[in-house]
Amino acid sequence: IAVFESEAPVKYNYKVGTNGDFEVDGDNIPQNIIGSEFPYSEVVSLKDDALTMNLPASYDQATLSELDMPMWGTIEDNNITFKHLAGVMRIRFSDIPVGYNSLTIKASNPISGIFTADVSKSDPVLVSSSSEAVDKEITINFTAATTEDNDKVLYIPLPVGTYTYIEVLISNGTDTKELISYT
C-alpha cells in the first residue's frame, strides 16, 4: 500500500505469513498519515485532495486478483478504512481454444492510463482526462490454454461511468476471436 503524509507516498509491503501486518519499504516512516492508496503504483501522488494513479494497459493474470482493485483509505483512530475507486468487471470463460493466451477489452471510455480521484469526497471515483484511443483498451496475458477445458476467471478494474461500447476479444497472437460485444 502507499501511505501519504504529504504529496509523495511511502510504500508499505505486506509481511508474508502474518495476519495483516505491513512494514515500511525504507527508513521514512510517516508520522502524520493523511490517507492510503492500494495497490501501490509507481505513478501515484496526492496534491490538494487529488489522488493521481495509473491503471495499467497490460496485466498478467498471475498477478491480477479480485483484491487488486484501486482503493483509497482514510485514517480514523489509527485505522485505515478503504473504499473502492473503480468498479470491477468479472469475466469467467471456459473452453478457451488451445494456444490462446491473451484477452483484450476495448471500451468507449478510458480504462487505462492516468486517472485522478478527489479524495476529499465521501465516495471518490477515478476520472480520466484522456480521450486517447490507447487509453480505451487493456490486455490481460495468461498461460496459454493446453486443453479445450481450460477455465479462467479474470477481475479487471473499470472506472465508474456509462459505457456505450465494450468489446472482449481473445487472441493467440495470430488469430483473434470476439467473446463479447456490447453497444
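**Ground rules.** Since the model is predicted, I kept local features to pLDDT of at least 70 and side-chain atom pairs to pLDDT 80 or more, while totals for chains, interfaces and linings use all residues. Residues are numbered from 1 along each chain as its sequence is written, and side-chain values use heavy atoms, with hydrogens and water left out.

**Cores.** I looked up nonpolar cores, meaning sets of buried Ala, Val, Leu, Ile, Met, Phe, Trp, Tyr and Cys residues joined through side-chain atoms within 4.5 Å. Buried is under 20% relative accessible area, exposed is over 50%, and partly exposed is in between (1.4 Å probe, protein chains only). The largest core holds 35 residues, and L51, L103, I105 and I156 have the most contacts inside it. A separate second core has six residues, including I1, V3, V10 and F38.

I then checked I105 for contacts (heavy atoms within 4.5 Å). Skipping neighbours within four places in sequence, I found M89, I91, K136 and I156 among its partners.

**Loop β5 to β6.** Strands here are DSSP runs of E, at least two residues, numbered from the N terminus. D48 sits between β5 (44-47) and β6 (50-55), and D49 is in that loop too. Most residues other than glycine have a negative phi. Yet I read a phi near 50° for D48 and about 65° for D49. D48 is exposed at 71%; D49 is partly exposed at 42%.

**Loop β2 to β3.** Is N19 buried or exposed? I noted 78% relative accessibility, so N19 counts as exposed. N19 lies between β2 (9-14) and β3 (22-24). Its C-alpha is 22 Å from that of I33, 14 residues apart along the chain.

Terms used. Helix = DSSP H or I, 4+ residues; strand = E, 2+ residues; numbered from the N terminus.
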